[in-house]
Amino acid sequence: MAHEVAAIPGDGVGPEVIAAAREALAATGVAINWTELDWGCGRFARAGQMAPDDMVEVARGFDAILLGAVGDPTVPDHVSLWGLLLPLRQGLDLWANLRPVRLLPGAPTVLAGRGADDVDILFLRENTEGEYSGIGGRAHRGLASEVAVEASVFTRGAVERLIRHGFELAAGRRGVLTSATKSNASRFGYVLWDEVAAALAPEYEGVRYERVHVDALAARLVAAPDSLDVVVASNLFGDILTDLGAAIQGGMGMAASANVRPGEGGCAIFEPVHGSAPDIAGQGIANPTGAIWSAVLMLEHLGEAPAADRLMSALAKTVLEGPRTPDQGGTATTDEVAAGVVGALGELP
Ligand code: NAD
Ligand code: IPM
Ligand code: MN
């Protein structure tokens, strides 16, 4: 039976990289029944809404969603993102945002003297609460006394399910779990976070757990990326650290992500880490690697592990041998990279 997958190409370079990812997926031979959703800033301009009121219900009807990017200079970013992507992550309870920060051979890292052997980190970002709870408000608008409150929310249940999953992932990898915290300045949220992590640690004897303040962790990501294996982080910390991670793995166009509910199934969202890149949108030169890698993660979610492995091999071969988009030092278009991946798939034994 074909998998039911929705594409939300979205805005800016979103449609360009999603077209490339769909081409690569088609070449794997996996049967996918696509539904294209026009949700995004174009729809906002036409209908005054980024997505229909029942978007979460609609999304639940699919096995997965492949999403490009959301955001256009004509719409305030908090309106576009809270009109589509963030309510979907929350509404589908996609509590785990998995972001592999792996430097593929051939990709240009910004770190001098570092290579592919030094960078293989899996970020596990909390994806439904924390600094992104969406709770808050403003009062006394326009007055000197104006106030804005943005509540950071940490619940024991959400912190525990996330960190427990981090321990499980670390147990299956190199056995190191690093928890990003800020429990020196924060007196409540990250203190709870640390307590939950410390209480779980004894259950995972094979995993070395360490608690690192996020500022120090940012420095370590650059200075000693080879010391990191699995990193668990709050919503905002995970967001910021993975853009730093993207730079280390060759640039924004390289990074992939999966918004999932580990062990629970249901519709999940796969998207490159980058945004709509208005500065290069429409030129056909966006790097589709992050989107194609996200498609690999989607194939794994769909239970298509052999096809996922094949597509990842073809993508890695293309990163190593080209063609490359300008951000990677090449002159190829998005479509040419997609064609390169399709060609590499065809050459696999
Ligand atoms: P961005 O990721 O869109 O761009 C940052 C830089 O990275 C730009 O120089 C851009 O050209 C480059 N870049 C991004 N993707 C690239 C690709 N595939 N190939 C080559 N270069 C690439 O981040 P931003 O400028 O902060 O945000 C632009 C818009 O996107 C905003 O509206 C923002 O809210 C939105 N955004 C959306 C998502 C999402 O939908 N998941 C993520 C981040 C930002
Ligand atoms: C990401 C993006 C989003 C986030 C924005 C666009 C709300 O930066 O997916 O990394 O912060 O989660
Ligand atoms: Mn981000």
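Helices here are DSSP runs of H or I with at least four residues, strands are E runs of at least two, and both are numbered from the N terminus. This is a predicted model: local features need pLDDT of at least 70, side-chain atom pairs count only at pLDDT 80 or more, and totals for chains, interfaces and linings use all residues. Residues are numbered from 1 along each chain as its sequence is written, chains are lettered from A and ligands numbered from 1 in the order in which they are written, and side-chain values use heavy atoms, with hydrogens and water left out.

1. **A cis peptide bond.** P323 sits in the loop between α11 (305-321) and α12 (334-347). The bond that joins G322 to P323 is cis, with omega about 0°.

2. **Positive phi values.** Most residues other than glycine have a negative phi, and most peptide bonds are trans. D93 is not a glycine, yet its phi is positive, about 55°. D93 lies in the loop between α5 (85-91) and β4 (96-102). A277 also is not a glycine, and its phi is near 45°. A277 belongs to the loop between β12 (268-272) and α10. Buried means under 20% relative accessible area, exposed over 50%, and partly exposed in between (1.4 Å probe, protein chains only). D93, at 22%, therefore counts as partly exposed. A277 is partly exposed too, at 23%.

3. **The nonpolar core.** A nonpolar core is a set of buried Ala, Val, Leu, Ile, Met, Phe, Trp, Tyr and Cys residues joined through side-chain atoms within 4.5 Å. The largest one has 105 residues. L84, L88, I163, F270, M298 and L311 have the most contacts inside it. Helix α10 (residues 289-301) gives the most to this core, with eight residues. Contact means heavy atoms within 4.5 Å. Beyond its neighbours within four places in sequence, L88 is in contact with I8, W39, M55, V56, A59, L94 and I269.

4. **T334 in α12.** T334 is part of helix α12. T334 counts as buried because its relative accessibility is 2%. Its side chain reaches the backbone nitrogen of I285 at 3.5 Å. Not counting residues up to four places away in sequence, T334 touches E16, A20, G284, I285, A286, P288 and T325.

5. **Ligand 1.** A residue is near a ligand if one of its heavy atoms lies within 4 Å of it. Ligand 1 is surrounded by 20 residues, and the closest are V70, D77, G275, A277 and D279. The side chain of H274 has an N or O atom 3.3 Å from a nitrogen atom of ligand 1. The backbone also takes part. A polar backbone atom of S276 is 3.1 Å from an oxygen atom of ligand 1. A backbone N or O atom of N287 is 2.9 Å from a nitrogen atom of the ligand. Alone, ligand 1 exposes 800 Å², and the protein buries 70% of that. Such areas come from the Shrake-Rupley method with a 1.4 Å probe; for residues, only the protein chains shown count as cover.

6. **Ligand 2.** The residues around ligand 2 are L81, R89, R99, R125, Y132 and D239. Oxygen atoms of ligand 2 have polar side-chain atoms of R99 at 2.9 Å, of R125 at 2.8 Å and of D239 at 2.9 Å. The protein covers 77% of the 320 Å² of accessible area that ligand 2 has on its own.

Technical notes
Polar contact = N/O pair within 3.5 Å; in protein donor to acceptor, adjacent residues only side chain to side chain.
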